[in-house]
Amino acid sequence: MVIKGKEKEIEKYMKIYEKARKFMIKSGNKNQWINGYPSKEIILEDIKNGNFYVLKDDKDILAIFTFIGGIDNTYLKIYDGSWRNDSPYFTIHRIASSFIKYNVFHEVIEFCKTKTNHIRIDTHKDNIVMQKAILKEGFTFQGIIYLENGDPRLAYEFIDKNINL
């Protein structure tokens, strides 16, 4: 089940992000989520804004993520490609697994698809694990976007086949 994140659980979420950072480094992705990103302040802001979600089973947190509807400023310009259309979309950010269960990315995407038929996501060029997971879920690579700090990211898009293009 997916529920909204709670401020009182912030320490649990931060431990999951720390595990995710260690996994990324181990899998060859040393340059994403550096310097303590995402910070506790960012996650608390996501919770406050109602955009932070938790995938749980009966007893454990399986994954955490931010899911935001509306225009994402870093997605306004895309390079070496283009978005498939400009219909309203949601963006997935800061997704991390607790590594208790496999294939949680699929469960997160299935939840997101119940909220919208147009989803965008991005990842670092070194995050091969995430790139494979994104493509496996039916997203298509659309081009390169740049974060506010200037770092490039590979940008992907999912549009339900029932949308008129």
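## Surface, fold and sheet of a predicted chain

The chain exposes about 9,400 Å², of which carbon and sulfur atoms supply 52%. This value, like the others below, is computed from a predicted model.

Of the 165 residues of the chain, 47% count as buried, and among the contacts with a separation of 6 or more, 68% are made by residues 24 or more positions apart. Along its principal axes the C-alpha trace spans about 40 × 30 × 30 Å.

The chain holds four helices and seven strands, and read from the N terminus these elements follow the pattern β-α-α-β-β-β-α-β-α-β-β. Because the radius of gyration of 15 Å is close to the 15 Å that the globule rule gives for 165 residues, the chain is as compact as a globular protein of that length.

The seven strands form an open sheet with mixed pairing, in the order β1-β2-β3-β4-β5-β7-β6. At the edges stand β1 and β6, each with a single partner strand, so one side of each is left without a neighbour in the sheet. From one strand to the next, the twist averages 30°.

| Edge strand | Residues |
|---|---|
| β1 | residues 2-4 |
| β6 | residues 140-146 |

In general, the strands of a sheet pair through backbone hydrogen bonds, either parallel or antiparallel. Which way do β1 and β2 run where bridges join them? Strand β2 covers residues 52-56 and runs antiparallel to β1, to which three bridges join it; within this pairing, Ile3 stands opposite Val54 in β2.

How values were computed
Residues are numbered from 1 along each chain as its sequence is written. This is a predicted model: local features need pLDDT of at least 70, side-chain atom pairs count only at pLDDT 80 or more; totals for chains, interfaces and linings use all residues. Side-chain values use heavy atoms; hydrogens and water are left out. Two strands pair if DSSP finds at least two bridges between them. Helices (H or I, at least four residues) and strands (E, at least two) are DSSP runs, numbered from the N terminus. Axes are lines fitted to C-alpha atoms, for helices over the stretch in contact, and angles run from 0 to 180 degrees between N-to-C directions. The radius of gyration is taken over C-alpha atoms; the globule rule is 2.2 Å times the number of residues to the power 0.38. Buried means under 20% relative accessible area, exposed over 50%, partly exposed in between (1.4 Å probe, protein chains only). Contact means heavy atoms within 4.5 Å. Accessible areas come from the Shrake-Rupley method with a 1.4 Å probe; for residues, only the protein chains shown count as cover.
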